[in-house]
Amino acid sequence: MDESLEELKMLAETAGIEVVGQAVQNTNRINPSTFIGSGKAVEIKEEMEGLKAQVLVFDDELSPRHQRELEEIFGEDTKILDRSALILDIFAQHARTHEGRLQVELAQYEYRLPRLTRAWTHLARQAGGGAARGGVGVGLRGPGETQLEVDRREIGDRITKLNEEIEKVRAHRQRHREQRNKTGMPIIALVGYTNAGKSTLMNALSGSDVYVANQLFATLDTTTRRIELPSGRAALLSDTVGFIQKLPTTLIAAFRATLEGIIEADLILHVVDINNPHAKQHIETVEDTLAAIETPDIPQILVLNKIDLLDEPVNPLDYFSDDFKSVVRVSAVTKQGLDVLLAEIEGQFKSAMSRYELLLPYNKGDVVAWVHENAIVEAEDHTEEGFRLTVNMPPRVAGNVKEFIIDSPEVDNSTSLSL
Ligand SMILES: Nc1nc2c(ncn2[C@@H]2O[C@H](COP(=O)(O)OP(=O)(O)OP(=O)(O)O)[C@@H](O)[C@H]2O)c(=O)[nH]1
Ligand SMILES: [Mg+2]
């Protein structure tokens, strides 16, 4: 619980709220109307008045009824939030792309729809105002319909529209991805708990300059960069939104389009901040979230990051499990261990490859260049019939040059391989 509250505090600070106090209630039963006991609620209210605090954040998810009853007790001037609402708020502040904004708005509406108790204007202002511009005039109200019913209907319509727009973006992304698949470059996804150092690792491996910050959910939108592996072969590395415990399900659903990038990966680098005392729990949360978004069986390498901050060396075996192909220790800041990580990545791809003999006519120089870029060329001969190449590549890549394959001894296994 301490850890969860500590994290809640960091979430609040990231959202721009200064934390001035905290309260804990030990209870074996959640109060159906006020969540905490009503006596406790009054006690907190008095403490808040003394501290001149304006916001009360609950670490657990409040039901619509809890929310309503607590608002009654605390009055109009106190804003009542739960962890989910706070995370949604941070997402709203950090979303940069059109797609990111659409996804956050959808999640906000879905979260708020069942909690709609106050007037529409109150909600529209919080959600960014997109839906409020139409103005719910008196004339628009149906006979006998309450303001609340109108509000619900309007939000329902807006949710439908947002879903349609997100679907369009998704279709576009899908086409983009199909094209990328044709290039044959393996795709690596960085996945991990928020603040684990994914973006820092992305920068260290690709020499790029994506946003890094010591705050939660600094990254929301996916960035993809090209990296070079030790053999000279190229791969695509993508950095995306981090996970956290008790991530609202509406957010997971809304961010499905973003998370689909992970599903398409050939390899996952699961990054964990090894310096965090709750690293093991973070790993578990990430594995659970991956299961929730139904990632197929993608090989994973566990990357223990921030080893530069450790007083004593960490034993990778302590973290090894069936979920991982291997465990590597690195520091994305000092770049310690990155060579080992890169070799490990390459090793993963090699084990998913088969060897092929190719024969290409001399007028196919462009295809030869393509093969060099997308496969590991072991030998190249200039024969009478044309270029003769011995290459290692995943079956997925081989599919692009199948008319030139003259021998593939291991091709029978290809269907059982994920690459
Ligand atoms: N000492 C040290 N700090 C690191 C290391 N890697 C990352 N950090 C710091 O950890 C913080 C978070 O790093 P990010 O790369 O933004 O983490 P992230 O996983 O992308 O986080 P989100 O995008 O917010 O989910 C930053 O302050 C980084 O400077 C490391 O290897 N050593
Ligand atoms: Mg990041």
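**Asking how we know**

Tutor: Strand 9 (residues 354-360) and strand 12 pair in the antiparallel sense, over two bridges. The model is a predicted one.

Student: What makes strand 9 and strand 12 count as a pair?

Tutor: Two strands pair if DSSP finds at least two bridges between them. Strand 9 and strand 12 have two bridges, so they qualify as a pair.

Student: Which residue in strand 12 stands opposite leucine 358?

Tutor: Isoleucine 405 stands opposite leucine 358.

Student: What sheet do four strands form, and in what order?

Tutor: An open sheet, in the order 10-11-9-12, with antiparallel pairing.

Student: Why do strand 10 and strand 12 stand at the edges?

Tutor: Strand 10 (376-382) and strand 12 (405-407) each have a single partner strand, so one side of each has no neighbour in the sheet. From one strand to the next, the twist averages 30°.

Student: Which helix lies across strand 9, strand 10 and strand 11?

Tutor: Helix 13 does, and it runs at about 25° to strand 11 (387-393).

Student: Which residues of helix 13 are buried?

Tutor: In helix 13 (residues 365-374), Val368, Val371 and Asn374 are buried.

Student: How do you know which side of helix 13 they are on?

Tutor: They cover an arc of only 140° around the axis, which puts them on the same side of helix 13. An α-helix has 3.6 residues a turn, so residues three or four places apart point the same way.

Student: Which residues are exposed on the other side of helix 13?

Tutor: Gly365, Asp366 and Ala369 are exposed there.

Student: Why is methionine 1 called exposed?

Tutor: Methionine 1 has 8 inside 10 Å, so it counts as exposed. Methionine 1 lies in the segment before helix 1 (2-14). Its C-alpha atom is separated by 9.4 Å from that of aspartate 59, 58 residues apart along the chain.

Student: Why is valine 333 called partly exposed?

Tutor: Buried needs 20 or more neighbours, exposed needs 12 or fewer, and partly exposed is in between. Valine 333 has 17, so it counts as partly exposed.

Student: Where does valine 333 lie?

Tutor: In the loop between strand 8 (326-329) and helix 12 (338-351). Valine 333 touches Thr200 and Asp308, leaving aside residues up to four places away in sequence. The C-alpha atoms of valine 333 and threonine 200 are separated by 7.1 Å, though the two are 133 residues apart along the chain.

Student: What makes strand 7 mostly covered?

Tutor: Six of the six residues in strand 7 (residues 300-305) are buried. Gln300, Leu302 and Leu304 are on one side, and Ile301, Val303 and Asn305 are on the other. In a regular strand the side chains alternate between the two faces of the sheet.

Student: In what sense do strand 6 and strand 7 pair, and over how many bridges?

Tutor: Strand 6 (residues 267-273) and strand 7 pair in the parallel sense, over six bridges. Leucine 304 in strand 7 is the bridge partner of valine 272.

Student: Which residues come nearest to ligand 1?

Tutor: Gly197, Ser199, Asn214, Thr219 and Gly242, of the 23 residues around ligand 1. Helix 8 (residues 198-206) gives the largest share of the shell, three residues. The shell divides into nine nonpolar, 11 polar and three charged residues.

Key: Residues are numbered from 1 along each chain as its sequence is written. Chains are lettered from A and ligands numbered from 1 in the order in which they are written. This is a predicted model: local features need pLDDT of at least 70, side-chain atom pairs count only at pLDDT 80 or more; totals for chains, interfaces and linings use all residues. A residue is near a molecule or strand if its C-beta atom, placed from the backbone, lies within 6 Å of it. Ala, Val, Leu, Ile, Met, Phe, Trp, Tyr, Cys and Pro count as nonpolar, Asp, Glu, Lys and Arg as charged, and the others, Gly among them, as polar. The arc is that of the directions from the helix axis to the C-beta atoms. Axes are lines fitted to C-alpha atoms, for helices over the stretch in contact, and angles run from 0 to 180 degrees between N-to-C directions. Two residues are in contact if their C-beta atoms, placed from the backbone, lie within 7 Å.
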